[in-house]
Amino acid sequence: MNYPTLDSFGHDPWWLVLAKALGVFVFCVLTVLVAILVERKVLGRMQMRYGPNRVGPFGLLQSLADGVKLALKEGLIPAGVDKPIYLLAPVIAVVPAIMAFAVIPLGGMVSVFGHRTPLQLTDLPVAVLYVLAVTSIGVYGIVLAGWASGSVYPLLGGLRSSAQVISYEIAMALSFAAVFLYAGTMSTSEIVAAQQGLWYVFLLLPSFLVYVTAMVGETNRAPFDLPEAEGELVGGFHTEYSSLKFAMFMLAEYVNMTTVSALATTLFLGGWQAPWPISLIDGANSGWWPLLWFVAKVWAFMFVFMWLRATLPRLRYDQFMGLGWKALIPLSLVWIMTVAVVRTLRAQGYGGWAATLVVASAAVGVAVVAVLWKVLRRRRLRHPDGPAPDSGDFPVPPIPAKEVSHAVR
């Protein structure tokens, strides 16, 4: 059997545990280096310009050159900072991002030098709650960085980030609750095993859409990058940071992107299981092949992050908070009740309700997308019957051309 259970963990020798931990760390760092390069290439092509193409063949060494440049820059510490907290904040941002990857299943059971072991560092009966707890600690790094910098703009960025994480952490946790109800477990490896027949993205599409929206807000990525809005806050919470301390914040951002993408893959896309029709091939879900499917799914989400950054403008702060509190959270609560009813009926022998849930999931998912599109479009384009921009109801500065035309008349 290639699907590990909770009993499969805790039997590895010490050297294998160290090797797994090192492998997780290397995987996260290499993913960050590749993601920075790929994001520049993707943004360049989407914006009809070239990406990095000078450092190394086809610009492949650009990420490495940026790391060397940041390491050699002078590490300035402003005079008004709270030095211990100022120096500790980047570490607090990075460490939880990597720790959360400890319970992510990268594959099934494999053989390493004769030892049969799961391709996962560890697992817990409440593994997903562990991920939520650890990733929520990472926001302390941003908040403390903004507070300890002794400047107004970093403080505003830190406060924005705290409000943002509180709002979207709730929606994210509620989207997980539907998965817990249907799978009957919080263990990541067992959730993957429960999707052997049908992935939860089809059964629980509304939860998937809520999670994808919440994970973009949770990682402070465009169009939800309000804590570091350069047009409003100079650089946001990391305005006063330079050199390796600044690089650690960037590392934390991209590792968080990788972690939430891996969690979405685990909870909704079958984890490391091969997609159809590859899954029909004998041996597609055995050995080291699942690692390839897992990485491909994670990179699909990473591409969506980059696509959103190249496509959507930054939301206003009131729009952003309203989306979280007025749309995502109420929707998640209603959907959890639906899943709970279907789960109870299935437990009592009404197995056909699973198909009903698929249909309901698709219908509600389409409705959610339509409502969100309508709300965002209405806020972007004012209602034609609304007040005119020069009626005095909006705080617009005087337009010189209009004043000249009135003077001529």
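**Salt bridges and a hairpin**

Let us start with aspartate 225, which counts as buried at 13% relative accessibility; here buried means under 20% relative accessible area, exposed means over 50%, and partly exposed lies in between, with a 1.4 Å probe and protein chains only. Please keep in mind that this is a predicted model, in which local features need pLDDT of at least 70 and side-chain atom pairs count only at pLDDT 80 or more, while totals for chains, interfaces and linings use all residues. Residues are numbered from 1 along each chain as its sequence is written, and side-chain values use heavy atoms, with hydrogens and water left out.

What does aspartate 225 pair with? Arginine 314 forms a salt bridge with aspartate 225, and their closest N and O atoms are 2.9 Å apart. Arginine 314 sits in the loop between helix 11 (289-311) and helix 12 (317-347), and aspartate 225 in the loop between helix 8 (205-218) and helix 9 (230-233), so the pair ties together parts that are 89 residues apart in sequence. Helices (H or I, at least four residues) and strands (E, at least two) are DSSP runs, numbered from the N terminus. At 27% relative accessibility, arginine 314 counts as partly exposed.

A salt bridge here is a side-chain nitrogen of Lys or Arg within 4 Å of a carboxyl oxygen of Asp or Glu, and the structure holds 7 of them. Another one joins the side chains of aspartate 66 and arginine 40, at 2.5 Å from N to O. This pair links distant parts of the chain, with aspartate 66 in helix 2 (residues 62-72) and arginine 40 in helix 1 (residues 14-46), 26 residues apart. Aspartate 66 is buried, at a relative accessible area of 15%, whereas arginine 40 is partly exposed at 35%.

Turn next to arginine 316, which forms a salt bridge with aspartate 318, their closest N and O atoms being 3.0 Å apart. Both partners count as partly exposed: arginine 316 at 40% relative accessibility and aspartate 318 at 47%. Elsewhere, salt bridges that share partners join Glu39, Arg221, Glu253 and Arg309 into one network.

Strand 1 (residues 109-112) and strand 2 (residues 115-118) pair in the antiparallel sense over 4 bridges; two strands pair if DSSP finds at least two bridges between them. Within this pairing, valine 110 stands opposite threonine 117 in strand 2. The hairpin has 2 residues between the strands, and phenylalanine 113 takes a positive phi near 50° there.
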